[in-house]
Amino acid sequence: MNLLSNFGGLGDCLFFGISAWFLSEEIQGLGKNVKRVCTLEAQLLFYGTILFATTLATQCAEGGSFSLGGLCHALFGAFFPLMSSHWWYTTSYAIFLLLCPFLNEGLRSLDKRAHSLLCFVLLLLYSLFPFSFLNGLIRFDMSYSVWLFVYQYVLITCLRWHYSEFLLNGRLGKRLLALGLALGIGTQVLFGFPLLIMGKSMLSHQLWLNTPACLPPMFLALGALTIASTKNPRTNLIINKAATGTLAVYLILTDTVASRLIGGAVGSLGLNGMAYMMFSLAVAMGVFVFCILFDLLRQRLMRPFCSMINRAAEWVIVLLHEIAMATYGKCLRLGRD
């Protein structure tokens, strides 16, 4: 488990890396990304209300009660999921989508040398050193926020725009995978095991390179993306349909009520050793399939509301243009598309 935890940031790197891979090559407008944010907000509102109702039901069933402050906080998180940052990833991603057209313009203005130098400085600051060494002087750590996505996007766009020939090499992808594993396990062995033996296990978590800003998970994610992009294109309807529901797995499992119910159910069985590991794996697979199927149902239920969501996005775009006109005397140059 300690070895696996050294790759805790891999999911974040892969999830955002796939988005950045395509966004970096897309002709974007602010209006297009506003529509994406509105669609995301609708999905979050659906899950926020469902999970809030589940939390309320379980609290009542267990004889518990909400304080007025706790109830208001839960309601705000359910009905304003992006504004409340109920899920850090989705809120940060929504902010990134709104910044992305402007970020693209700025990065496109850099030549290959300047863009590469910017990447070098960012990697030097955030990817090589664990949190604890620099925090005593100044907050250099890359926290889980929109800045993590901006940081990764700068790196991915540099590779996609200026070093695309390297990304066409499938062997490079395998080497990146091997290097990511070697760095992750190597730092674990170098820092983790001696500290665990000495009884200072908490310190080892600060020394491992186990965040999405560090090299091991970034190398693994980039290696996987490179290998996938060099394979012959194949289409599988089942996989593509399941992929549309993967965000639901994150939304459901990172909510407190779901993790508490699942953890309590598994723990109540009193299993240990290999039996506990195998049962936990089976539960994880079952929960994953359930979340995917539930999101497919959500997509069908929300299909009649698509036109309403698009109209809401159009209103937001018009409002942004009116604000730009009132503030700067001209429309947003990036357009509505």
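Trainee: Which residues make the nonpolar surface patch of about 910 Å²?

Mentor: A patch is built from residues with over 30% relative accessible area and no salt bridge; nonpolar side chains (Val, Leu, Ile, Met, Phe, Trp, Tyr) are joined within 5 Å, like charges within 9 Å. Here the members are Leu269, Leu271, Met274, Tyr276, Met277, Met278, Phe279, Leu281 and Met285. The model is predicted: local features need pLDDT of at least 70, side-chain atom pairs count only at pLDDT 80 or more, and totals for chains, interfaces and linings use all residues. Residues are numbered from 1 along each chain as its sequence is written, and side-chain values use heavy atoms, with hydrogens and water left out.

Trainee: Where does leucine 269 lie, and how is its accessibility classed?

Mentor: Leucine 269 sits in the loop between helix 16 (256-267) and helix 17. Helices are DSSP runs of H or I with at least four residues, strands are runs of E with at least two, and both are numbered from the N terminus. For accessibility, buried means under 20% relative accessible area, exposed means over 50%, and partly exposed is in between (1.4 Å probe, protein chains only). At 47%, leucine 269 is partly exposed.

Trainee: How many helices and strands does the protein have, and what is its accessible surface?

Mentor: There are 18 helices and zero strands. Areas come from the Shrake-Rupley method with a 1.4 Å probe, and for residues only the protein chains shown count as cover. The accessible surface of the protein is about 19,500 Å², with 70% of it belonging to carbon and sulfur atoms. Of the 337 residues, 37% are buried.

Trainee: Which residues touch the most other members in the largest nonpolar core?

Mentor: A nonpolar core is a set of buried Ala, Val, Leu, Ile, Met, Phe, Trp, Tyr and Cys residues joined through side-chain atoms within 4.5 Å. The largest one holds 62 residues, and Phe16, Leu40, Tyr47, Tyr93, Phe96, Tyr151 and Tyr153 touch the most other members. Helix 9 (residues 146-162) gives the most to this core, with 11 residues.

Trainee: What is phenylalanine 16 in contact with, leaving aside neighbours within four places in sequence?

Mentor: Contact means heavy atoms within 4.5 Å. Phenylalanine 16 belongs to helix 2 and is buried at 0% relative accessibility. Its partners are Tyr89, Tyr93, Phe96, Phe149, Gln152 and Tyr153. Across the protein, residues 24 or more positions apart account for 80% of the contacts with a separation of 6 or more.

Trainee: What covers the buried residues of helix 15?

Mentor: Those residues are Leu247, Ala248, Val249, Leu251 and Ile252, in a helix that spans residues 246-253. Their cover includes helix 2, helix 3, helix 6 (88-108), helix 16 and helix 17.

Trainee: How many salt bridges does a search of the whole structure find?

Mentor: A salt bridge is a side-chain nitrogen of Lys or Arg within 4 Å of a carboxyl oxygen of Asp or Glu. The search finds four. In one of them, arginine 36 pairs with glutamate 26, the closest N and O atoms being 2.8 Å apart. Arginine 36 is in helix 3 (residues 30-61) and glutamate 26 in the loop between helix 2 (10-23) and helix 3, so the pair ties together parts that are 10 residues apart in sequence. Glu26, Lys32 and Arg36 are linked in a network of salt bridges.

Trainee: Which parts of the chain does the pair of glutamate 314 and lysine 35 link?

Mentor: The closest N and O atoms of this salt bridge are 3.3 Å apart. The pair links distant parts of the chain, with glutamate 314 in helix 18 (residues 306-328) and lysine 35 in helix 3, 279 residues apart. Glutamate 314 is partly exposed at 31%, and lysine 35 is partly exposed at 31% too.

Trainee: Are arginine 298 and aspartate 295 buried or exposed?

Mentor: Arginine 298 is buried at 9% relative accessibility, and aspartate 295 is buried at 0%. Their side chains meet in a salt bridge (3.1 Å, N to O). An α-helix has 3.6 residues a turn, so residues three or four places apart point the same way. This pair is three residues apart in helix 17 (residues 273-302), separated by about one helical turn.

Trainee: What does the count of disulfides come to?

Mentor: A disulfide is a covalent bond between the sulfur atoms of two cysteines. The rule asks for a pair of cysteine sulfur atoms within 2.5 Å, and the count is zero. Cysteine 291 is buried at 1% relative accessible area, whereas cysteine 306 is partly exposed at 39%.
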